[in-house]
Structures are given as structure tokens and as C-alpha cells.
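Open the model in your viewer and keep the selection tool at hand.

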Amino acid sequence: MLKPNDVVEDSLSGDKLNIEGCELFVYKKQKYSKEKKLPTYSVAINASVGSKRVSVVRHGYIMSKVGRVPLLNKNMSECALEDFPGEVELNSLNVKDVRKALYLLRDDACLNAVNENSDELKSSSELLDNENDVDHLLLMERAKARLRPFRLAINDLIRFVSNETRNSDSVEECYVDGEQVSRRFFLSEVFNRIEDYTAYPLPAKPFIYGKEIVEYSDFKELKLLKKNGTKGFLFYYYALGYGLSATRLSKFSLIAEDKHRNNMLYSWSTSQLSSIVSHAFCVDKEATRQILNEQSLPVPAGRAFEPKDITSALEYAELIGYPVVCKPLNGSKGEGVVVNIKKKEELLAAIKTLERSVYKDSDFIVEKYIKGKDYRIVVVGNEVKGALCRELASVTGDGVHSTAELMLAKHAWRMKNPHFIERSAFIEEDSAFGNINDFSVDLLRVPELNEHVVFGTSCNLSQGADSVDVLDELHPSIKEAAVKATEAIPGLRYCGVDILIEDHTKDIASQSAAIIELNAKAAIGNCEYPMFGKPREVVKSIFTTVAEDFGIDIPKVFNEGHCKVVCEVKGSIDKKEYARWAYRSAKQLGVDLKVKELNSPKVHIELEGSVKVVAMMATRLVVGPRSSRPYSVKTRLIA
């Protein structure tokens, strides 16, 4: 155990303290309990002294009203940990000097956390309009309190460096709240409670099929748009790049207007390309199956059943033969879907899984399981514009790290993908990362070098699967089948065609294949931001196809360069605070901003910069600070 006064020698020599990385574990929502108080998050600092490695972990117990770590604590911890890794030379340094060097690193990291979250910290401390020295000191004390686990972990590291346990036989040690345990024991204790995980710096990049995971250079800016923000931003970006005015009515809804006042309407991934009737057909999976079957397209044998008709479902599964798939009739995002069910008991368990989902009162489908990989093929108009292979969640062994450590490393990279901002694969109870006990995976085992360990059961990206771009390799016959399936639904001009197939490079007629679903509201971000492979400009294709279909006047050349716009913001707005928030947000994004008018019911703001960052800032304006509720932002190009 690390004790407060564990200082053995006055000088240290011959070694270098290398702070290799830091980790933040955020745990799932919990109910308050007097008997057992569980941590809401944990901070870990991983370091080495010579050939000896140490991990020091400190738990945080502060809890919000909903039973989670407060967002401000999480954000400040992330900022501090991101800045902390570094080196301290121990040659000829005494313990006091080492302590001083680590405290300097700590204070710099804490100061960065305060600067990045200053307004939120001031607001929570009710010091928003005060700048005097007394309030500054109070603010720093509040910051220290929110960063307490981080600061305690550094104290543990100092005690470790300055005592002789580092010269024992063990080459790796782990301390949790000062108590020595194995790191694998710590991970086994907390893994099933993890909601989110972040590592600084990121571990080595994972690969799949020889393709390296994609690192997006604009992730830091896109993260400011928060969950699902990219969906609204992308349409804004193309509206401004094609010289159109744009009015944002929410984070996801946009009206773009040409010089003749012709409108283009977007909400999430929905546009004028697809009719309401086509949406209704796609939602009803049984109707979709019948229509596709009439067009001689490959579909699996299946039937829909009412929630209470379990006996009939079991009998039907016996009729068509196992393995089968069970899924909700009107489901989305892979919720309640269980595949490759091999016997009656597993089908009953799958129906129980469905009862835990939001579709517990919905009819469900039992259909024949088709052997093959899961693909999402995106059709815009009458062309295939994107194609993803959705791989079951897996890791590849390196002969050194445990399965749990490899899963955490994979998740850390996954959360750097703009499509997954604030969408942890750990959250859902039945997701790949969220309920690992169902997958018979030994978390503490160290897989051999290049050993492939699969732990997912759903190929849906919302459930932890990996997205791999395969558009350039897709066989023409598969493209033709996807377009034909889309055209089979009247009024459907944008669709995500989900298909099971053994090999996407071979003719569809030469192998086992089945179209299992049509999605009229297919997510736009997965092809724009695949985990592996080449990003595809699906939103640009949607935008130009809508313009062509509905006579919207757009230029032939898209402007990726510089622009200047004026934004008219309406709503219930605290103008002074909104202006201050806007200036801070613009600085974060690198946009020139001028607030032109604060005295009228509207706020007029000028933005200048690259089209991409201006579109990001315009997207943020409709969100605003907590003190304001903007309901529309009209953006007009002026240069």
C-alpha cells in the first residue's frame, strides 16, 4: 500500500520517469445506495521508471442527479489527462525535485482544464460576471475539487517513485486508491460497468483486412458539435459551398434556398428524395420482403408474429430450419436483433432480449439466417454512392495485452470517429461492448499475436460493429441488385440497402445472398466517416440529386475555400451571454466573428473563414449556451 509518508531516499539517479499515458473510465448510471458506494469514474496514470512499469488509479465518486459523473468533471478530467503525459529525468534529482517537477506538470494540466472549461466552471460556481482575485481563488479551489482523482493519482505516482518498491522483483505494479492490486483484476472489476473510455495518447492503430483505422483531422472541431452534430453540419456545409442561403430550425432540420427562393428541405438524413409512403413501406419489414420477392430479388424466408404468439414463432422456426434471426418488425439501429439462433432455447432468449428493448410491444420477425457478411449499400437516385461491410466487433491479439485491454484500445479509437461522437458502444445493455458476459469471452486472457477474437453478435454500427468501406471492390451485380431494390419501392430515391452476402467481390448469383432490409432514413455519417477505408461524399450526392430533381439552381463548382456570412438568430436569448459564448466558440473553431446587433429582438452575427468551419459555427449557433434557447438561425452569404 502507498502511504502518505513513503519517502525512503533523498536522491534518485540513473533512471527516467516516463509518464506513458493516461486513461479515463466513465461508468454507467447507478442508483444511490447507502450500503455500497460505487465510483462514477476513474482516472489512471501509467508510467515507467527504467524497466519497471506502474499504473496508479484513483476513483471519483461525485454523482449527478441522474446517477452519473457530472459532465463538467468528465470534460475537465479529459483536458487534464490529455496534457499530462511527459518525461522527468531522475539523474541527480532528489525526491523534492521530482515532486516539484511532477507538480509543475500537474498544474499546467489543471490550468489547461480550467481554461478550456472556464465558463461552465464559473457558471456552476455562480461567478459568471465576477473577475476579482477572491473569486479567482475560489474558482481554482472549485477546479481542484473537480480534479481531485487526477491530483490524488499524481500524489500516488510521486510516492511510488520515491520509495523502493519499484526495485522489487515485479516488473509491473498497479495501485487502486493506494491499494496494490493487479491491473487485470482492476479491469475485471470495472469492465461491465464501463459506459465510456478515453486514452491519452491513443494506443497503436488497429487494422482490418490490411486497412488502417481512419484518423480524421477535423475531429476536434466536429466534437464541438456534440452528439449527432455532423448530420446537421454536413447539409449546412454543402448549402454554403453551393452559394445557397440556409435556415436552421433545429440541430437537425435545415431549409436551403436558391436565388429564386426555391427550397430544399432536410431533417436528419431525410429529404425530398423519398416520399412518406416509401418511408412507411421500408419501416414495415414484412411488406418490404414481399415487394422484393415479387421483383425476384433474393430475400430470406420469414414471417411476422404478434408479441404473444411465441408458440407459433417457435413452430415456424422448426419449419424453415435453424439457424434463424429474430428482430422487431419496425426496428432500427439493431435494437432487439439477434442473429444465428441455433436452437429453440436460444430463440426464446432472443425474444426475451426483444422484450427488454423499446420494441417490447411490437410484432417481431423470425426469418432464416443467411450465411454471409453484413453490408450497407447506399443508393442515391439510381446510383450506388457508398458501400460498407459491417464487421462484428472484434480485436486482434498482440501477444502482450489482455482481451479487455485490446477492447478498450479499440473503443478509444472508435470514439475518435466523428460518426460516433458521444455514442459509446458500451452503453446499451445488449451491445457488443455492453454485455460481454453473453459472448463467452475471457476478458483476462492474452490472445496470441494476430489471433482474431470476435465478441460482437450484431453487425449494426450502433451496437459496436466496425464499418469498412468496400465501394471500389463491390461487384457490379451487387450494385445492380441494390438499385433494383430501391426502385421497387415507389417514391424511394435514397436508401440504405442491407444485404447479407459471402463475398462482395463476386457475382451475386454465384453465392448465398439475401436483402434483409431497406432503410429510407439510412444514416448519412457512416459512409462519410467509415472506421476503415475511404470516406465517401454521400451527402454531396444527396444534395446535388435533390437540386436536379426539384429544379434548384446551384453552381457547377463547389466552393471549398473562403466565405463570409451573416447569421440572423431568433429565439429566447440572453444576448450578453450568447455573444460571449459565440466569441468563445468562434475562437475554438478558428472563425472570425463579429456581433453586429444586440439591441433588437434578433441577434445578427457575421462569420468569416473557410466554408467548413463557418458551417460548423453556424450549426453551433442554433444550440447556444444554456441560458439561451434559439429556435432559428438564418444564414446568408455576403462574400
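**First stop: helix α11**

Select residues 310-320, helix α11, where A313, L314, Y316, A317 and I320 are buried (under 20% relative accessible area with a 1.4 Å probe, protein chains only; exposed is over 50%, partly exposed in between). Because these residues cover an arc of only 160° around the axis, they lie on the same side of α11; the arc is that of the directions from the helix axis to the C-beta atoms. Helices (H or I, at least four residues) and strands (E, at least two) are DSSP runs, numbered from the N terminus.

The model is predicted: local features need pLDDT of at least 70, side-chain atom pairs count only at pLDDT 80 or more, and totals for chains, interfaces and linings use all residues. Residues are numbered from 1 along each chain as its sequence is written, and side-chain values use heavy atoms, with hydrogens and water left out.

Now select T311, E315, E318 and L319, the exposed residues on the face of α11 turned away from its buried side. Next, show β16 (302-305), β17 (324-328), α12 (344-355) and β19 (364-368), which are among what covers the buried residues of α11. Then pick G321, which follows α11 and has a positive phi, near 90°.

**Second stop: I542**

Select I542, which is in contact (heavy atoms within 4.5 Å) with F235, Y266, S271, L273, V380, Y494 and I524, leaving aside neighbours within four places in sequence.

**Last stop: the whole protein**

Show everything: the protein has 18 helices and 30 strands. Of its 639 residues, 54% count as buried.
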